Structures are given as structure tokens and as C-alpha cells.
Amino acid sequence: MRVTLLDLPFLRPALLSWDTNVNASWELKAERAVSLSDRIGVGGNFGALVAQARALLLTGQTELLASDARDRRFLRAVLTAWRDDPELARRTMKTDLLETIAPAGGCTRLTTVTAAGLLLEHFDNLDEWQAGLFRSMTSFVHHAAAAQEVRSTPGVIEALRAPRSFLLDPAGPSRLAEELAAVGSEPLLWFKQNHLGAYADGRFGRATRDAFYLEWIARADPESGDHSYLSRITEEAVARQRTETTGTDGRYFGHHVLEALTAKPTRHPSPTWLEALLAIGGDPRMRETPGWQRWWSRISGAGLARAQRWMQGINLTAFLDGVEAYARHTGNLDMQRMLERRRRFLIGLYEQDRIEDVRLILGDDIRMWIRRHVPAAAQDDVCRLRDSSKSDTAVIYVDCEDFALIEGSHVFRIHIFAGGPVPEVADRRVRVFDGSDLRDTFPEHFTRAHGDGRYAAFSHDVGGAWLMKTLDFLRAQRVHLDEPALMERNDYAALERRRAGWR
């Protein structure tokens with residue numbers, strides 16, 4: 001992708017403060033500039049004309065409006081009244097009135113610019129005000145622009161005169177977004193290059209940005225590549241949620257961004273991709289929170305399931321990385337050798353889409369390590385292991401629907417529960433666990449509820465017997481797994497020999 005100036009990091013130089021008198025002088029100059037801008041093309045009585053046009057619009061005197069609009073200055077006054085008061089425009093701008101006041105011989109350049117601004121400010125809202133209003137407005141603006149003298153410098157009139165102008169097409173924002181994404185550009189740069197910066201925040205500009213953001217996400221590789229542009233998308237989506245109402249479908253633009261992010265059929269999105277998702281919607285597994293109700297309750301079932309699966313993968317990786325870091329830090333070679341089997345087993349379950357839920361339960365010391373070294377995506381759901389003697393212990397709970405696992409670092413055994421989840425750990429309202437409950441109390445409760453033969457626990461060993469025993473137990477419980485994908489080739493061969501009675 002071509003890098004533009006907009007992609008470069010923004011520098012914040014330290015500037016000396018100006019004197020109070022200098023600030024006051026510039027503020028006065030700014031006020032004078034605004035006043036001059038407002039008076040461009042305005043005669044001494046233009047304000048009175050705008051007030052007159054407004055009064056006629058409010059009282060519905062369309063015949064008198066049509067008659068007076070034959071005067072080009074009064075026509076511009078009508079358009080200015082609509083431009084300055086969106087509510088007045090919504091109530092009184094009608095297709096028949098536009099067609100009536102449209103001048104047969106064209107209008108002035110300034111009137112054309114005013115009409116174009118009105119179109120671009122409201123764009124896709126026009127047909128919500130009245131069916132067919134967009135077509136009437138674009139017809140008015142098109143004929144007005146066509147009557148203007150051709151100039152070599154870019155601007156709104158030249159953009160309107162372009163073949164298949166984006167500005168006159170209801171699908172223009174989508175077409176423009178696709179074209180910009182295809183050449184590696186972006187909307188803000190296009191508006192600047194075409195001297196249309198004044199219209200970038202109207203409905204046309206916003207619709208273009210929305211379409212471009214979704215097109216950019218659709219073209220992006222969620223696993224690799226430069227995802228820094230996502231921060232701009234998420235910042236706007238979050239900011240607009242604070243100030244805008246939802247659309248007719250009850251969704252904010254952020255909902256559409258979440259749908260686009262979660263539409264990617266991958267199991268390994270980049271950390272930046274996940275951070276964008278969390279910045280808008282929060283953790284998709286936290287069903288009891290207001291944020292989940294606002295965002296994830298309105299996302300498609302497939303998108304929600306994929307987002308939850310991504311979070312499970314992050315927690316798996318956080319657990320395995322935490323255990324590995326501890327093993328390397330302490331020089332525990334046996335734990336390092338055992339880790340590869342744990343990683344292959346847990347990641348294999350994830351790759352087979354067997355995992356429904358994951359919870360991390362961490363001692364105080366290892367929890368601090370994970371907060372420093374693991375992407376923020378994994379941190380909101382971390383639970384506390386309340387055991388002063390196990391401050392560097394990491395425990396993971398894995399719900400695979402027809403069985404569940406509780407596994408930990410150090411000498412913490414792997415516990416297998418056949419028949420469903422462990423209710424006490426599956427309850428996300430519970431955020432603190434005692435080590436004794438995980439090792440003893442919860443297995444006892446599960447055994448009483450499901451029977452003696454539905455629970456087993458095995459100690460980890462360097463030779464990998466724990467993994468073979470776990471798979472044998474699950475097989476005896478009629479749990480069907482792709483076992484070769486959960487083990488190293490030599491381990492699976494050893495498992496097959498053992499099952500065949502060989503040693």
C-alpha cells in the first residue's frame with residue numbers, strides 16, 4: 001500500500017506560549033475573517049431577503065416563493081435559508097417546490113455553490129425527508145453546474161461536471177470508496193486534492209468515509225500487514241457513538257465496523273485487529289455488561305461466535321506464554337519440555353473449533369507479568385487465584401461443551417470433566433477462585449452430579465503419559481477428537497502402539 005503523509009505519525013512539538021496580547025490580536029483577526037467570509041456575495045439587503053424567504057417557507061406560500069425566485073438573488077436567499085437551518089430544510093424542502101423554483105436559464109456560480117453545499121450536507125438524508133427529493137436536488141444542482149463557465153482549478157462545480165460525478169450519484173460514496181481503496185488513497189486526501197474540504201463533514205463526506213472504512217477492512221488481511229489505519233476507524237466509530245443516534249436498523253456505525261472485522265474467516269487475527277474490536281464493543285464474552293447489550297447483542301450470530309473464539313485463542317496463548325516465560329525464567333527444563341505438548345494439545349482443540357469458552361485464573365505475580373507482556377485483548381477477562389503460596393501459578397479453564405479441562409502450571413494436574421462445563425468456573429460473574437476449590441471442591445461437586453466415572457485427573461510428566469491418559473479417558477467417554485492433530489507424530493504413534501497392546 002502506498003504511504004501518504006496522513007499515514008505518518010503525528011509529531012507534537014513543544015511550542016512556547018504566546019503573549020496574551022498576541023492571542024487577543026489573532027482572535028480579533030479571526031473574527032474579522034469570519035465576518036468577511038459571511039459577507040462574500042452578499043449585498044446590503046441580502047439578510048432581509050433570507051428572512052423573507054424563511055418567512056414564506058414557514059407559512060407555506062409556495063406560489064409567492066416561486067414568483068420571487070425568478071430573481072436570482074432571492075433564489076439564493078431560499079437556498080441559504082435551507083442551508084442555515086437544517087430543520088427548516090427538512091420540513092419545507094419538497095420536490096415540487098424545487099422543480100418550480102429551478103431557473104430555466106441557470107443561476108449564478110455562487111447560487112450553484114450554495115445548492116451544491118445543501119446537497120452534500122444532507123445527501124442520503126434527502127430521500128428520508130421525502131421520496132424522490134434526492135433526484136430533484138441532484139437535477140437542480142446538475143443543471144446549475146452545467147451552465148457555469150469551465151475553470152481549470154478544481155472545486156465543487158468542476159467535481160459536479162465530471163463524467164459520472166460521485167457527487168450526483170446515490171451510490172457515489174461507495175464508488176469513490178472502492179476507487180480510493182484500490183489505489184491506496186483515502187477520503188480526506190481526496191477531498192483536499194479536489195478542494196472539497198468544506199464538505200468533508202457533511203452527509204456525503206461521512207457516507208464516503210463509512211464506505212471507505214468498510215472497504216478498507218474488507219480488503220485487509222486480518223492476520224498480517226499494516227493495521228495502523230484501524231485506530232482511525234475505531235476512534236471515529238467510538239466518538240460518533242457518543243453524539244449520534246442509531247440508524248433505522250437500531251445500529252450505530254460501530255456495529256457495521258464490528259460486523260466487518262468479524263467477517264474474516266480466520267482463527268489468528270493480529271493483536272491490532274483484536275484491539276480495534278475491543279475498543280468499540282468490549283469483550284464479546286461479557287454478556288452481563290451494558291456494553292455487551294449495546295454492541296454485541298446486535299451483531300450477527302456468526303460474527304459474535306467468531307469474536308468469542310478469537311478471545312479464547314488469545315487467552316490460550318496468554319496462558320501458554322505465561323507458563324513458558326516462567327519456565328525459562330526459573331530455568332526449569334522439565335517444564336519447558338512439557339510445555340510443547342500442552343501447547344499442541346490446547347491449540348489443537350482451538351483449531352478444531354472444539355473450545356466454547358476459556359478463562360484464565362492467575363496468581364498475583366504471573367498476572368502482573370501477563371499485564372506487561374500480553375496484548376490488552378487478554379486482560380479484561382483475567383481472574384485472580386487467591387492463594388498466597390501460588391502467586392506465580394497460572395490456571396486455565398477450557399470448556400469444550402461435552403467436556404471441560406482445568407489445567408495449571410507447576411505441579412497443578414490436568415483435571416478432565418466429561419459431560420459438560422464446570423458450573424462454578426463457567427460463571428463469569430465469579431472473578432476470584434481458591435486453588436483448593438479448583439483442585440478438590442469443584443471436582444467433588446462434579447463427581448456427585450455426574451458420577452464417579454466422569455472425572456479424572458493426571459499429573460504432568462516429561463514423557464507425555466498425562467496426554468495419552470487424557471485422550472484415553474475422553475475416548476472411553478465417547479468424546480470424538482482428531483487425536484493426531486493434538487499430538488506430536490511420535491506421541492501419536494506411541495499412543496497407537498499402546499492401544500494395540502504393544503510396549
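Okay, let's get going: the protein chain has 24 helices and seven strands. Helices here are DSSP runs of H or I with at least four residues, strands are E runs of at least two, and both are numbered from the N terminus.

Before I go on, a word on the source. This is a predicted model, where local features need pLDDT of at least 70, side-chain atom pairs count only at pLDDT 80 or more, and totals for chains, interfaces and linings use all residues. Residues are numbered from 1 along each chain as its sequence is written, and side-chain values use heavy atoms, with hydrogens and water left out.

Some overall figures, then. Of the 503 residues in the protein chain, 47% are buried. Buried means under 20% relative accessible area, exposed means over 50%, and partly exposed is in between, with a 1.4 Å probe and protein chains only. As for contacts, meaning heavy atoms within 4.5 Å, take those between residues at least 6 apart in sequence: 67% of them join residues at least 24 apart.

Now the sheet. Two strands pair if DSSP finds at least two bridges between them.

Let's look at strand 1, residues 357-362. Six of its six residues are buried. In a regular strand, side chains alternate between the two faces of the sheet. Here Asp-357, Arg-359 and Ile-361 point one way, while Val-358, Leu-360 and Leu-362 point the other, and all are buried.

Who are the neighbours of strand 1? One is strand 2 (residues 383-386), paired in the parallel sense over two bridges, and in that strand Cys-383 is the bridge partner of Ile-361. Another is strand 3 (residues 394-399), paired with strand 1 in the antiparallel sense over six bridges. You can follow that pairing on the screen: Asp-357 is partnered with Asp-399, Leu-360 with Ile-396, and Leu-362 with Ala-394.

Strand 3 is largely enclosed by the rest of the structure, because six of its six residues are buried. Ala-394, Ile-396 and Val-398 point one way from it, Val-395, Tyr-397 and Asp-399 the other. Strand 3 also pairs with strand 4, antiparallel again, over five bridges, and there Val-398 stands opposite Leu-405.

Glu-401 has a positive phi of about 75 degrees although it is not a glycine. Is Glu-401 buried or exposed? Exposed, because its relative accessibility is 56%.

There's another residue of that kind: Arg-164, with phi near 50 degrees, positive and not a glycine. Arg-164 lies in the loop between helix 10 (156-161) and helix 11 (172-183), and counts as exposed because its relative accessibility is 63%.

On to the pocket. Rolling a probe the size of a water molecule over the atoms shows where empty space is left. On a 1 Å grid over the protein atoms alone, a cavity is a set of points where a 1.4 Å probe fits but cannot get out; a pocket is an open set with protein on both sides within 12 Å along at least five of seven lines, and lining residues have an atom within 4 Å of a point. Points are joined across faces, edges and corners, and the volume is the space filled by probe spheres set on them.

The largest pocket comes out at about 600 Å³. Of its 21 lining residues, the closest to the centre are Asp-124, Arg-203, Asp-210, Arg-240 and Gly-247. Helix 13 (203-219) and helix 15 (253-261) are the elements giving two or more residues to the lining, and helix 13 gives the most, with four. By class, the lining has seven nonpolar, six polar and eight charged residues. For the classes, Ala, Val, Leu, Ile, Met, Phe, Trp, Tyr, Cys and Pro are nonpolar, Asp, Glu, Lys and Arg are charged, and the others, Gly among them, are polar.

Last stop, His-122, in helix 7 (residues 109-122). His-122 counts as buried because its relative accessibility is 6%. Leaving aside neighbours within four places in sequence, His-122 is in contact with Pro-86, Trp-129 and Arg-203.
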